[in-house]
Amino acid sequence: MVDAARARKLADRIQQIVAEMLERRIKDPRLGFVTVTDTRITNDLRDATVYYTVYGSDGERAETAAALESAKGVIRSEVGRQTGVRHTPSLTFVADSIMENVAHIDDLLAKARAKDAEVAKAAQGAAPAGEANPYRTEDDSDELDESDDDGRDGEGHS
């Protein structure tokens, strides 16, 4: 097993190499506008998972996935050459769903804002069900002390 710091450094380096390869060396026309978002590597440094996003339609995402799969060998060779590790990790490309998550969160926030606006609109002319201030104040506690006095001392004797 390898320490986590070394694994993280190698994962970061692999991410840089893959991003450079996709930007400069891989000339596949199926490759869309790809962004490498993260890379994770196993503790034994044998398998690396590269997360990416593609800006575009579902068809463009599928074409990009096919292009990445076909370029995997060339990219892995370059990773091995530039990192110099004994065993070059195998690469797995996984489409990152960050954009879908962002859209989902935006939808949820919009729904929450709409509900808040409904509640605020309903509360505009509303009045409290009880007293305006339901909490005790110092004046109230003086009145309670006087009314609770039944002539007994603190030990319950008359």
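Me: Is Thr88 buried or exposed?
Reply: Happy to start there; keep in mind that this is a predicted model. Thr88 sits in the loop between helix 3 (72-83) and strand 3, where it touches Arg76, Val79 and Gly80, leaving out residues up to four places away in sequence. Its relative accessibility is 17%, and buried means under 20%, so Thr88 counts as buried.

Me: Which strands stand at the edges of the sheet?
Reply: The sheet is open, and its three strands come in the order 1-2-3 with mixed pairing. A strand with a single partner has one side left without a neighbour in the sheet, so the edges are strand 1 and strand 3.

Me: How many bridges join strand 1 to strand 2?
Reply: These two strands run antiparallel, and Thr39 stands opposite Val50 in strand 2. The number of bridges joining strand 1 to strand 2 is eight.

Me: Which element gives the most to the largest nonpolar core?
Reply: That core has 26 residues, and Val18 is one of those with the most contacts inside it. Beyond its sequence neighbours within four places, Val18 is in contact with Val36, Val50, Ile75, Val79 and Phe93. With eight residues, the element that gives the most to this core is helix 1.

Me: Which element has the lowest mean pLDDT?
Reply: Across the protein the mean pLDDT is 83, and 87% of residues reach 70 or more. Strand 3 (residues 90-95) has the highest mean among the elements, 91, while the lowest, 61, belongs to helix 5 (residues 138-148).

Terms used. Residues numbered from 1 in each chain as written. Predicted model: local features only at pLDDT ≥ 70, side-chain atom pairs only at ≥ 80, totals over all residues. Heavy atoms only, no water. pLDDT = per-residue confidence, 0-100. Helix = DSSP H or I, 4+ residues; strand = E, 2+ residues; numbered from the N terminus. Buried < 20%, exposed > 50% of the residue type's maximum accessible area, 1.4 Å probe, protein only. Contact = heavy atoms within 4.5 Å. Core = buried A, V, L, I, M, F, W, Y, C linked by side-chain atoms within 4.5 Å. Pairing = 2+ DSSP bridges.
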